[in-house]
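Here are some exercises on how two parts of one chain meet. Have the model open and work along with the solutions.

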Amino acid sequence: MLERLITGMTLLLSLCSPVSQAVEKIIFANGGTADSLQGQTARRFSEQLQARLGDQYQVEYYSNGKLGDEQDLLDKLRDGQIQLATISSIMSAEVPEFALFDMPFLVRDRQHLQRIDDAIVMTDLAAAAHRHGLHIISTWENGFRQISNNSHPIHSPDDLKGLRIRTPQSEWRSLMFSSWGAKPIPMPFSHLFVALQTGEVDGEENPLSNINGARLQEVQKFLSISNHVYYPIWLTASDSGWQQLPAAVQTAIMEVAADEQRWSLAEGERLDTSLLKSLGKAGVKINYVDRITFIAASRPVYAQFARQVKGGDALIERAMGLAEH
Ligand code: EAX
């Protein structure tokens, strides 16, 4: 009897013992450069998550688009090759409601962004993402976007006439730049440096941290501060991938991600000032655009969103209503 009890306990112990279980992998990928803020946030997240989960899990982090551009990462999430990825501007190509963030000059500042995050992203937009099999975990900083090019300073949309401007592969960003008179050339971020270097495109638009992270200042002469869009980056899983994670792991991911959200927004604010100085020192000519002329030329983008996205008008109105607090 005693013998049987001991055998039973040994079996039970071996089942519970961590050494007897295979280490589970959590594969996490980011499409940006390691030096950009999104790259730094993603690295911090993977390190903090590893510390939190201990030896039972191995958090495998790939930066610099090593596992592909954001479109590849969405495919890999969906077929279960990876568990977590950060997705930015192409989210609206997958889930049209996210094009809310492609409405020019909508987000006033990071406090406004946080209110939009609580009231709209984590409710309506997360529900829309679920309808496309995606699970939004957290909203991190990618940043306020600015326009750079090799031809001349951009003051008003007139100055964009005829310029070939690389955009992310999003019809919304293309529409924005064509409404302003430019010739948008959509392509993955990883192709951008060479496209600028060879003159395939004249310019591009990105947050300062992505510009600096990819050393675009080495192949761009003019930087025009427009803050035309604040487009975040979302820590994303597929619905099925998320459901396969144990509840304790989901909680750890959500809590570490929330810490990194706070860090990335504060760091983004700091970098907007410090990178402006260092990019200027690197020889890039910096100017500020005339916002009023850009706002006036942005009407077609708002109109298209209201027409194309169900409930789009109401989303815009609610987001604008959160500007003042
Ligand atoms: O990793 O494609 C882009 O321009 C986006 O800013 C993306 O986040 C870069």
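The exercises below go from the domains to their interface.

The model is predicted, so to speak of local features pLDDT of at least 70 is needed, side-chain atom pairs count only at pLDDT 80 or more, and totals for chains, interfaces and linings use all residues. Residues are numbered from 1 along each chain as its sequence is written, and side-chain values use heavy atoms, without hydrogens and water.

**Exercise 1.** Find the two domains and the distance between their centres.

Solution. Start with the bounds, which come from an automatic or database domain assignment. Domain 1 covers 24–95 + 108–142 + 232–274, and domain 2 covers 145–230 + 275–324. Next, take the C-alpha centres: those of domain 1 and domain 2 are 23 Å apart.

**Exercise 2.** Describe the extent of the interface between domain 1 and domain 2.

Solution. First list the contacts (heavy atoms within 4.5 Å): 29 residues of domain 1 touch 26 residues of domain 2. Then turn to buried area, the accessible area (1.4 Å probe) that two parts lose on being put together, summed over both. For this pair it is about 2300 Å², with 52% from carbon and sulfur atoms.

**Exercise 3.** Look for salt bridges between domain 1 and domain 2.

Solution. Search for a side-chain nitrogen of Lys or Arg within 4 Å of a carboxyl oxygen of Asp or Glu. Between the domains the count is two salt bridges. D124 also forms a salt bridge with R318, where the closest N and O atoms are 3.0 Å apart.
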